[in-house]
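Good morning, and thank you for coming. I shall present one protein structure today, going from the inside of the chain to its loops. Please keep the sequence and the model in view while I speak.

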Amino acid sequence: MCVFPLGLKLKTIIMGSSSPPDTSKSIKLERYNSYIRRLNSTKLLNASSKLLFRATILVALILVFLFTFNYPPLAPDFTSHRHLHSHSHFLSSSSSFASWEKQVRHSSTPRRPNGLTVLVTGAAGFVGSHCSLALKKRGDGVLGLDNFNSYYDPSLKRSRQAMLWKHQVFIVEGDLNDTPLLEKLFDVVPFTHILHLAAQAGVRYAMQNPQSYVTANIAGFVNLLEAAKSANPQPAIVWASSSSVYGLNTQNPFSELHRTDQPASLYAATKKAGEEIAHTYNHIYGLSLTGLRFFTVYGPWGRPDMAYFFFTKDILQGKTIDVYQTQEGKQVARDFTYIDDIVKGCLGALDTAQKSTGSGGKKKGPAQLRVYNLGNTSPVPVGTLVSILEGLLSTKAKKHVIKMPSNGDVPFTHANVSLAYRDFSYNPTTDLATGLRKFVKWYLGYYGLQQRLKKEYHLDNE
């Protein structure tokens, strides 16, 4: 048995063996710190990704806005009601409004010194499209307004719109009774003049839909005058009345001094009401107002509901046409007025219209109030109209001669235009045969009938 000294034994116990120290706590701490670093790196990466994504979206939106603002569509979609031209609800979108406003301003800016800035209502209509084009060609600023209703085939109105677009005339699609839209137009553009041609047309249709005449011809006119009276400056207004206001008047030729208190149709009554309303707004608010009484306007791009237009269509299709006679057996006659002559009258009235005298809805002095006949001064029997068309179309018409029904039509119209001649040199020069020749040439071209009638038609080389 080996005996160790007590001191050596105690030293051995204290010193122990040579085993490594315990490092588990240090390892765990290092693992924890590494985890924290990875976690922070992940959070930083995620935050950076989100920031980069948001920045990318913001830049994309800015680029879209700039592109829309600087590069508006070159050709509007004339067949859809969803395009920028329509209705005031588009004004709620900032990007859409920016494009819309740019086109409105561009179209209404004059290109000649002292040019007019004209709002043309009914700009996609027959007279409206011709006047808009004439104003634009001479360097005036023109902005159109039209609701493209379906009284007759809207595709013809869309074709007129496309034609005007090629000449940089922009038509806002909207209704006269849309007050916010009118207010926005007057807010964006300081119009010097209004050529108010929008209306529910047609004498006979009033028996089927009388409310449409009250809504368009009376309420719509009042709404336009309300917007104009509050504008600063107030524009001068030239607007379309009608020869129908002469109604049952038997004096001829019709003069502006003749009575107009016996309308023969609701259409005539609404136009007469318009003349009285114009007097009221002139008297109270100082608006300069000129009424033009049109006499049976015809020509290229005309209205399909007019006799010369549907006579042409029916003759070509071999259908029977109704030719009216008076109850006494006399021929019905009209003072047919070619569109170019009417346009000259409209522009003459605009050029001689004096400034309105009100400001912010308050009259400051007497303002101009006028009314003129715009006719051809040469009444032609409807039978003669048919004969001219037969010659131009090389086709004999199938005629059904009947008594004129009591539908609001009058048997005879004849314009005295001496007042318009005196004040702005209005002088119609187009006879019916010449005007119808131009209309038929347009009609055949528009409806693609040239080849069908090439052998019979004699206008190819004009």
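What volume does the largest cavity have? The largest cavity has a volume of about 40 Å³. Before I go further, please note that this is a predicted model, in which local features need pLDDT of at least 70 and side-chain atom pairs count only at pLDDT 80 or more, while totals for chains, interfaces and linings use all residues. Residues are numbered from 1 along each chain as its sequence is written, and side-chain values use heavy atoms, with hydrogens and water left out.

Let me define the terms for spaces. On a 1 Å grid over the protein atoms alone, a cavity is a set of points where a 1.4 Å probe fits but cannot get out; a pocket is an open set with protein on both sides within 12 Å along at least five of seven lines; and lining residues have an atom within 4 Å of a point. Grid points are joined across faces, edges and corners, and a volume is the space filled by probe spheres set on the points.

The structure holds one cavity of 30 Å³ or more. The lining of the largest cavity consists of His196, Ala198, Ala199, Asn217, Phe221, Trp239, Ala240 and Lys271. By class, five of these residues are nonpolar, two are polar and one is charged. Here Ala, Val, Leu, Ile, Met, Phe, Trp, Tyr, Cys and Pro count as nonpolar, Asp, Glu, Lys and Arg as charged, and the others, Gly among them, as polar. Helix α7 and strand β5 (236-240) each supply at least two residues of this lining. Helices (H or I, at least four residues) and strands (E, at least two) are DSSP runs, numbered from the N terminus.

The second largest pocket contains about 410 Å³ of space. Its lining has 20 residues, and Met404, Asp409, Val410, Pro411 and Phe412 lie nearest its centre. That lining divides into eight nonpolar, 10 polar and two charged residues.

Now the chain as a whole. Its secondary structure comes to 13 helices and 13 strands. Of its 462 residues, 49% are buried, where buried means under 20% relative accessible area, exposed over 50%, and partly exposed in between (1.4 Å probe, protein chains only). Among contacts (heavy atoms within 4.5 Å) between residues at least 6 apart in sequence, 81% join residues at least 24 apart.

Which residues of helix α6 are buried? In α6, residues 179-188, they are Leu181, Leu182, Leu185, Phe186 and Val188. They lie on the same side of α6 because they cover an arc of only 165 degrees around the axis, the arc being that of the directions from the helix axis to the C-beta atoms. The exposed residues Glu183 and Asp187 are on the face of α6 turned away from its buried side. The cover over the buried residues of α6 includes α3 (94-108), β1 (117-121), β2 (141-146), β3 (170-173), β4 (193-196) and α7 (210-230).

Two single residues come next. Threonine 290 lies in strand β6, residues 289-294, and is buried, with a relative accessible area of 0%. Its side chain makes a polar contact with the side chain of arginine 370 at 3.0 Å. A polar contact is a pair of N or O atoms within 3.5 Å; within protein, one must be able to donate a hydrogen and the other to accept it, and residues adjacent in sequence count only if both atoms are side-chain atoms. Serine 212 is found in helix α7 and counts as buried at 15% relative accessibility. Apart from neighbours within four places in sequence, serine 212 is in contact with Gln200 and Tyr205.

Finally, the backbone. Most residues other than glycine have a negative phi, and most peptide bonds are trans. The peptide bond from asparagine 232 to proline 233 is cis, with omega near 10 degrees, and proline 233 is in the loop between α7 and β5. Another cis peptide bond joins asparagine 252 and proline 253, with omega about 0 degrees. Asparagine 114, which is not a glycine, has a positive phi of about 60 degrees. Asparagine 114 lies in the loop between α3 and β1 and counts as exposed at 76% relative accessibility.
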